[in-house]
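Please keep the sequence and the coordinates at hand while reading.

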Amino acid sequence: MLFDTHAHMDDRAFDADRAQLLSSLPQQDLALVMNPGCSLASSRNVDALTRQYDFLYGAVGSHPDACDEVNEEVLDIYRRLCRENSKLKAIGEIGLDYHYEDIPRDIQQRAFRLQMALARELDLPVIVHDRDAHGDAMVIVAEFPEVTGVFHCYSGSVEMAQWLIDRGWYIGFTGVLTFKNARKAIEVAEAIPLERIVLETDCPYMAPEPFRGKRNDPGKLYRMAERLAQIRGRDVEEIRDITLENGKRLYRIP
């Protein structure tokens with residue numbers, strides 16, 4: 001069985017067939033799915049979805065693209081949602097994204113710190129988005145040694161991954177593992193302990209080969225498991241089992 005540890009099933013890309021797709025996942029060998037929030041509105045939708053499907057878990061948080069909404073009122077709502085719904089298992093998707101520079105870096109950093117502090121208060125893991133911001137992301141992570149979680153869609157170095165793993169973090173890999181030009185991701189996937197790797201689709205984005213350019217969904221996670229098995233020279237069923245247990249341990253799912 002598989003655990004898609006990062007799937008945006010609340011995204012509008014699934015509006016036409018969300019219920020049909022979600023209902024089909026257990027028949028596609030999906031045991032569990034984690035759906036992070038990306039904004040206050042998204043987090044509310046995630047909260048509602050987790051109440052409808054036994055295998056669907058969620059997180060609440062404001063992505064860097066929505067970080068300018070983060071204030072005490074929003075944090076209070078996230079706090080209440082987590083306390084009222086035991087299936088909300090993390091704070092995320094939070095972090096830094098310097099790729100487009102749409103939101104000033106100081107605002108992103110402030111929102112990241114506020115949400116890391118919320119995770120510390122609630123004793124929850126975090127789901128971190130880090131794009132072109134490795135240095136500042138590491139500085140902020142180091143400020144919260146009590147908080148761990150996962151760096152999703154990992155794009156950093158082997159050394160940075162090991163620094164995170166030494167502090168209790170997990171590393172998430174997407175369909176990038178299947179891309180022909182994915183040298184850095186493959187180097188990291190080869191080097192780090194299997195017990196700290198989780199698999200994710202990041203759907204509807206990042207579809208793996210041979211589906212690249214199409215809408216992604218959790219049913220395509222098997223491709224990441226197959227590729228990781230090739231990279232590590234392990235049986236694919238073993239990889240499925242290991243990454244399932246890793247995800248359950250990360251999100252404290254019995």
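How many nonpolar, polar and charged residues does the lining of the largest cavity have? By class, three are nonpolar, one is polar and four are charged; here Ala, Val, Leu, Ile, Met, Phe, Trp, Tyr, Cys and Pro count as nonpolar, Asp, Glu, Lys and Arg as charged, and the others, Gly among them, as polar. The model is predicted: local features need pLDDT of at least 70 and side-chain atom pairs count only at pLDDT 80 or more, whereas totals for chains, interfaces and linings use all residues. Residues are numbered from 1 along each chain as its sequence is written, and side-chain values use heavy atoms, with hydrogens and water left out.

The residues that line this largest cavity are P64, D65, D97, Y100, E101, D102, I103 and Q108, and about 60 Å³ of space lies in it. The structure holds three cavities of 30 Å³ or more. On a 1 Å grid over the protein atoms alone, a cavity is a set of points where a 1.4 Å probe fits but cannot get out, while a pocket is an open set with protein on both sides within 12 Å along at least five of seven lines; lining residues have an atom within 4 Å of a point. Grid points are joined across faces, edges and corners, and a volume is the space filled by probe spheres set on the points.

The second largest cavity contains about 40 Å³ of space. Its lining includes V128, H129, D130, H134 and C153, and β5 gives the most to that lining, with three residues. Helices (H or I, at least four residues) and strands (E, at least two) are DSSP runs, numbered from the N terminus. The lining of the second largest cavity divides into five nonpolar, five polar and one charged.

The largest pocket has a volume of about 1,000 Å³. Of the 32 residues that line the pocket, H129, R131, C153, D202 and M206 lie nearest its centre. Strand β5 (126–131) again features: α2, β4, β5 and α7 each supply at least two lining residues, and β5 provides the largest share, three residues.

H63 lies in the loop between β3 and α3 and is buried, with a relative accessible area of 9%; buried means under 20% relative accessible area, exposed over 50%, and partly exposed in between (1.4 Å probe, protein chains only).

Helix α2 (residues 40–50) has L40, S42, S43, V46, D47, L49 and T50 as its buried residues. These pack against α1 (18–24), β2 (30–35), β3 (56–60), α3 (72–84) and β4 (88–97). In helix α8 (residues 222–232), the residues R223, M224, A225, L228, A229 and I231 are buried, and their cover includes β1 (2–4), α7 (183–191), β8 (197–199) and α9 (236–250). After α8 comes G233, whose phi is positive, near 65 degrees.

Finally, the axes of helix α5 (residues 134–142) and helix α6 (residues 158–166) come within 12 Å and cross at roughly 10 degrees. Axes are lines fitted to C-alpha atoms, for helices over the stretch in contact, and angles run from 0 to 180 degrees between N-to-C directions. The two helices, α5 and α6, are therefore roughly parallel to each other; angles under 35 degrees count as roughly parallel, over 145 as roughly antiparallel, 65 to 115 as roughly perpendicular and the rest as oblique. H134, M138, V141 and A142 in α5 meet M160, W163 and L164 in α6. The residues of this contact divide into six nonpolar, one polar and no charged.

Note on methods:
Contact means heavy atoms within 4.5 Å.
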